[in-house]
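Me: I have a model open and want to learn how to read it. Can we take it feature by feature?

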Amino acid sequence: MTATIDIWKLLAGIAIFLLGMKFLEESLQQMAGRPFKLFLKKQTSSKPKAILGGALVTGIMQSSSIVNLMVLAFVGANVIQMQSALAVILGANLGSTFTNWIIATIGFKFNIDSISFPLTGVFGIMMLLSNKESRWHQWSSFLFGFGFLFVGLNYIKAGVEDTVKLIDLSSLQHYPSIVFLLVGFIITSLVQSSSVTVAIVLSALYSNAIGLFDATAIVLGSEVGTTVKLVLASVNGLPVKKRVALGNFLFNIITALLVFIFLMPVNRFITEVMAIKDNLIALVFFQSLVNIVCIILFYPFLNVLGKFLQKRFIVTDDETLFIHKTNVNDTELAIVALENEVKHFILHSIKFTRDVFERPEDKMLKGAIQKNNHQNNLMEHYEYLKHLHGEIHGFSIRLQNKITDDKEITQRLEQLIAANRNTMYAAKSIKDTLPDIAQLRNSSNDIKYGFYMDTADKVDPFCKNITALLLKPKTESGFDELSEIYKSVTGSYATILHQLYKENMEGQLSEIEISTLINFNREMYTAYKSYVFAIKDFLLNENQAAYFDELPGFIR
């Protein structure tokens, strides 16, 4: 029974420690997200500055994950080159050891209860009482997270110490070091934080449960395990995300294998040459040393590795299905490819809309989409749509420059550009409804919840109807059906507005609630009308499409 309690104490410590890290990351991201991004962008003019910038920002923000996400955004937007991104990641890996230096020097040298409890108690209350948008709330969240970090460490330390008293761990010394390396990899892969793994190992080292040599093997395994998070996040991501994740994995796995071969000499270097006698300091020094070795090892090859990664995930993972295979010089073939790509884009956007409202899977839509890498994450899917929109737009401009005197092709190209643009408008409007949807979906107010359910029920037939139009044979224009859809959309918008004002007059909803519903209704109307315009430009001829431009009642 006692052994069970000790295990739960250890697990509780891990959970509290991770929660503390989460509060630290989120508060720092809110307080200094933009300045840190600007700082990183400025630091990428040279590889040494990029490494230093990655280390400094990670050390301050206490999270290499946040820095890695910044890097992904920069590379995806073509703000920095791949080799600069890799340099930032090298620095971020070194900066991530800063937390462990704090834990080793403070967490085991002082009575951490005297630090953790006041921080957690005082700033936890201040965090709850302060306005979420205020600086007080952000600083309180940061200091509360810092306190929670040490509360978690205290539980981890106590859990390990009690376990050592109950279980004879001397038999572990007979296991080969590869076992300890695998333990470090598995623990870090599961908890997604090398800091937690190091905190556990420091506690075991402090309690004499394991020796320094075995502890270094575990930490070495954690250096590889920490790459798993980025690898998993990139599986369904853009090609650039996969390249960065692969680069980070190669850094850590190659360095870990090299250091593991010389693990005994490295331990001797730390304890004898550097004369570090404190095992806790020796362990965090080892982790920092591993990342310094990684920087020294890969710095000369960053340009080569960057070029190597740029050639990965190009053919099999291109975000477009048709236009990346087509030469714009062949204008007729390019127009056909563009038509197929725009259709592919519209269908993906429709699926995004259905997923936002948690509509049941549409078999017709599922069968029509040839590529769907982002079905489980709404924001990933939206980012994919933005990237696809940009690729189509870029191809359209290049094609436009090649067409000079063919009026028919020019007109068709303009229609496809408009369809691409309006589809993005629709997806953007749907994305902008996400905060309102979360509020309405979880509301205890029957009118607000009913409004959401009514909207979701209308999304289903609308999406099915426009999907059916897109998939009709080319010989059928769909003019009449699209006209009816348009009339239904405008009529529904006016009816809902009238109903909302009526409920406001009857006092069933507050002014703020009415404002939320009106804005939500407008965003949905904008999305619907953008889809109608996208499809009329995609499907109809010039005269039929012009008919919709003259119809009244559209929000411009």
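This is a predicted model: local features need pLDDT of at least 70, side-chain atom pairs count only at pLDDT 80 or more; totals for chains, interfaces and linings use all residues.

Me: How do I judge the length of α23, and what span should its 29 residues have?

Reply: Count 1.5 Å a residue, then compare the result with the distance between the end C-alpha atoms. Helix α23 covers residues 511-539, so it should span 42 Å. Its end C-alpha atoms are 42 Å apart, which agrees.

Me: Let me try another. How many residues has α8, and what is its reach from first C-alpha to last?

Reply: Helix α8, residues 177-191, has 15 residues and reaches 22 Å.

Me: Which residues of α8 are buried?

Reply: Buried here are Ser-177, Phe-180, Leu-181, Gly-184, Thr-188, Ser-189 and Val-191. Gln-192 follows α8, and its phi is positive, near 60 degrees.

Me: Where else should I look for a positive phi?

Reply: Ala-275 sits in the loop between α13 (263-273) and α14. Its phi is positive, about 55 degrees, although Ala-275 is not a glycine. Glu-358 lies in the loop between α16 (331-356) and α17 (363-368). Glu-358 also has a positive phi, near 55 degrees, and is a residue other than glycine.

Me: Why does Ala-275 count as partly exposed?

Reply: Read the relative accessibility against two cut-offs: under 20% is buried, over 50% is exposed, and in between is partly exposed. Ala-275 has 44%, so it counts as partly exposed. Glu-358 has a relative accessible area of 53%, so it is exposed.

Me: Now a residue inside a helix. Is Tyr-384 buried or exposed?

Reply: Tyr-384 belongs to helix α18, residues 378-402. Its relative accessibility is 1%, so Tyr-384 counts as buried. Tyr-384 and His-348 are 36 residues apart along the chain, and their C-alpha atoms are separated by 9.4 Å.

Me: And Ser-84: which residues does it touch, leaving out those up to four places away in sequence?

Reply: Ser-84 touches Thr-44 and Ala-50. Ser-84 is part of helix α4, residues 82-95. With a relative accessible area of 11%, Ser-84 is buried.

Me: Let's zoom out. How many helices and strands are in the protein?

Reply: There are 24 helices and 0 strands. Of the 556 residues, 52% are buried. Then ask how far apart in sequence the contacts reach. Among contacts between residues at least 6 apart, 78% join residues at least 24 apart. For the surface, the protein exposes about 26,300 Å², and carbon and sulfur atoms supply 60% of that area.

Me: How do I look for empty space inside?

Reply: Rolling a probe the size of a water molecule over the atoms shows where empty space is left. Here, a search of the whole structure finds 1 cavity of 30 Å³ or more. About 40 Å³ of space lies in the largest cavity.

Me: Which residues line the largest cavity?

Reply: The lining is Glu-223, Asn-252, Thr-255, Ala-256, Val-290, Asn-291 and Cys-294. By type, the lining has 3 nonpolar, 3 polar and 1 charged. Now trace the lining back to helices. α12 (239-261) and α14 (279-298) each supply at least two residues of it.

Terms used: Residues are numbered from 1 along each chain as its sequence is written. Side-chain values use heavy atoms; hydrogens and water are left out. Helices (H or I, at least four residues) and strands (E, at least two) are DSSP runs, numbered from the N terminus. The expected span of a helix is 1.5 Å times one less than its number of residues. Buried means under 20% relative accessible area, exposed over 50%, partly exposed in between (1.4 Å probe, protein chains only). Contact means heavy atoms within 4.5 Å. Accessible areas come from the Shrake-Rupley method with a 1.4 Å probe; for residues, only the protein chains shown count as cover. On a 1 Å grid over the protein atoms alone, a cavity is a set of points where a 1.4 Å probe fits but cannot get out, and a pocket is an open set with protein on both sides within 12 Å along at least five of seven lines; lining residues have an atom within 4 Å of a point. Grid points are joined across faces, edges and corners, and a volume is the space filled by probe spheres set on the points. Ala, Val, Leu, Ile, Met, Phe, Trp, Tyr, Cys and Pro count as nonpolar, Asp, Glu, Lys and Arg as charged, and the others, Gly among them, as polar.
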